[in-house]
Amino acid sequence: MVNILITSAGRRVELVQQFIKARNSKKLSSRIICADMSDLAPALYFADISYSIPKISDPMYISKLLEICQKEEVDIVIPTIDTELSILSDSVKLFQTIGTDVLISSKETIKITENKMETFKFFKSIDINTPDSVGKEMKYEGEYPCFIKPVSGSSSVNVFKVKNEQELKFFKYYIGDYIIQKFVDGDEFTIDVFCDFEGNPIYITPRIRISTRSGEVNKTKIYYDQHLMDSVFEILKALKPKGPLTIQTIKDNVDGRYYFIEINARFGGGSPLSMMAGANSAEALYDLINGKKFTYESYAAKKDLMFVRFDQSIALEREINGQYEKIKSSHI
């Protein structure tokens, strides 16, 4: 039996569904457990078992996760948002003492990926193209427009295209702890990566971001380019991530070069699409847990496959014990 706990599950319904599909395909005796601080998080109602847990900032957050892992005999924890990565990376050994692994990269990798200024320095250190960037302590002397964003953040929250110095002054004050980046005009790409537990790539799946909403892609297409792939291999060789990694880059309309801007050491919001396209990291994770060794599989995802995403709703009602229960559509 392989039991998986997905934390901060939120709206990650597609991710949960992919792990359920992988489990069923392999005919495994396995439970998918989801946890979130809100009992109205949609993903909770697609899991086999669900839990409401404290906020990540709560001192009891790790204790509650450990309690769940012991009770449900969890084999591996999968974090899904950036803000929990650091605290979980500090607690890996605690989880190991109860027989639970955490699908998370090293503390060094987390430090690089959770701070956009550190990410910029990392790209520069391995000679990967990246937009010129300055932090809060430095004066911006570049051209306009430019981008300003929180030095730590995700989902495009508080990311602004700045037209002039006056706007920049306002957004500096509004954001507080920021990074300013040179504006690169071009197509944006997400690269979904999945590595084994030693940091060796199994799947690399680039997708062009055709349309996004609230920072998450809703129209995207699988896209292969050898120059792009070569740069990704260089990044992976330096980072040696464990499990999932999501990389963001922009192809400049003027010089045709890729400029790398962000790394997230977790499953990205669009990663289930790469799984659906053939780079099935959900199935690969089950195999890794069971000791299988992988070699890199190039072009695992079907080239040029297009995805369009949409919203769905579920209806909930209160049970006698005060918890919500999903209502089957035929009963509404």
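The questions and answers below take up these topics in turn.

Reader: What kind of model is this, and which pLDDT do side-chain atom pairs need in order to count?
Author: This is a predicted model in which residues are numbered from 1 along each chain as its sequence is written, and side-chain values use heavy atoms, with hydrogens and water left out. Local features need pLDDT of at least 70 and totals for chains, interfaces and linings use all residues, whereas side-chain atom pairs count only at pLDDT 80 or more.

Reader: How many aromatic pairs does the count come to?
Author: Rings of Phe, Tyr and Trp (its six-membered ring) are paired if their centres lie within 6.5 Å, with planes under 30 degrees apart called stacked, over 60 edge-to-face and the rest tilted. By this rule the count is 15 aromatic pairs.

Reader: Which class describes the aromatic pair of Phe 123 and Phe 260?
Author: The ring centres of Phe 123 and Phe 260 are 5.9 Å apart, and 50° lies between their planes.

Reader: Are Phe 123 and Phe 260 buried or exposed?
Author: Buried means under 20% relative accessible area, exposed over 50%, and partly exposed in between (1.4 Å probe, protein chains only). Phe 123 has 0% relative accessibility and counts as buried, and Phe 260, at 1%, likewise counts as buried.

Reader: Which class describes the pair of Phe 189 and Tyr 258?
Author: The centres of the Phe 189 and Tyr 258 rings lie 5.7 Å apart and their planes meet at 75°, so the pair is edge-to-face. Phe 189 is in strand β10 (residues 186–195) and Tyr 258 in strand β14, so the contact ties together parts 69 residues apart in sequence. With Phe 189 buried at 1% relative accessibility and Tyr 258 buried at 6%, the class asked for is edge-to-face.

Reader: Which lysine lies over the face of Phe 46?
Author: A charge sits over a ring if NZ of Lys or CZ of Arg is within 6 Å of the ring centre and within 35 degrees of the ring normal. Lys 242 lies over the face of Phe 197, at 5.3 Å from the ring centre. Over the face of Phe 46, at 4.0 Å from the ring centre, lies Lys 326.

Reader: How many disulfides does a search of the whole structure find?
Author: A disulfide is a pair of cysteine sulfur atoms within 2.5 Å. The closest cysteine sulfur to that of Cys 34 is in Cys 69, 13 Å away, which is too far for a bond, and Cys 34 is buried at 0% relative accessibility. For the whole structure, the number of disulfides found is zero.

Reader: What is the handedness of the crossing of α1 and α10?
Author: Helix α1 (residues 13–25) and helix α10 (residues 281–289) pack with their axes 8 Å apart and at an angle of about 55°, where axes are lines fitted to C-alpha atoms, for helices over the stretch in contact, and angles run from 0 to 180 degrees between N-to-C directions. Angles under 35 degrees count as roughly parallel, over 145 as roughly antiparallel, 65 to 115 as roughly perpendicular and the rest as oblique, and α1 and α10 are therefore oblique to each other. A crossing is left-handed if the near helix is turned anticlockwise from the far one by less than a right angle, and right-handed if clockwise. The crossing of α1 and α10 is right-handed.

Reader: Where is Tyr 299, which has a positive phi?
Author: Most residues other than glycine have a negative phi, and most peptide bonds are trans. Tyr 299 lies in the loop between α10 and β15 (306–308).

Reader: Which residues does a cis peptide bond join?
Author: Pro 145 is in the loop between β6 (133–135) and β7 (146–150). With omega about 0°, the cis peptide bond joins Tyr 144 and Pro 145.

Note on methods:
Helices (H or I, at least four residues) and strands (E, at least two) are DSSP runs, numbered from the N terminus.
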